[in-house]
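Trainee: I am new to this structure. Could we go through it together?
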Amino acid sequence: MRLDKYLKISRLVKRRTVAAELCQGGHVKINGQSAKPSSEVKPDQTLQIRFGNRLMTVKVLQVPEKAVPAQLADTLYQTIAETATESAP
């Protein structure tokens, strides 16, 4: 599944266009490598997503064939770390 679509379906990002913009801006990495929106996501990969001053690291557990209900979205990944960095004055 495409990275931008996975971020949307897993509810890590609210909209697919925002997910694509994050990828194009270099804010998303797969296993430590910068990723394009069209990169394939597979189980057991590690995603690092930077939202402003927040860095979230998740492990992909499942890649669904299609969209899943909101109640099941958090079963698609496991949060490894979530850190906040202080913004410069």
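Mentor: We begin with a term: pLDDT is the predictor's confidence in each residue, from 0 to 100. Strands (E, at least two residues) and helices (H or I, at least four) are DSSP runs, numbered from the N terminus. This is a predicted model, in which local features need pLDDT of at least 70, side-chain atom pairs count only at pLDDT 80 or more, and totals for chains, interfaces and linings use all residues. Residues are numbered from 1 along each chain as its sequence is written, and side-chain values use heavy atoms, with hydrogens and water left out.

Trainee: Which elements have the lowest and highest mean pLDDT?
Mentor: E5 has the lowest, at 92, and strand E1 (residues 28-30) has the highest, at 96. For the protein, the mean is 92, and 97% of its residues reach 70 or more.

Trainee: In what order do the strands of the sheet lie?
Mentor: The order is E2-E1-E3-E4-E5, an open sheet of five strands with antiparallel pairing. Strand E2 (33-34) and E5 are the edge strands, each pairing on one side only. Two strands pair if DSSP finds at least two bridges between them.

Trainee: How many bridges join E3 to E4?
Mentor: Six bridges join E3 (residues 46-51) to E4 (residues 54-60). Leu47 stands opposite Val58 in E4. Two residues lie between the strands of this hairpin, where Gly52 takes a positive phi near 60°.

Trainee: And what is the bridge partner of Arg54 in E5?
Mentor: The partner is Ala84. Seven bridges join E4 to E5 (residues 77-84), and these strands run antiparallel.
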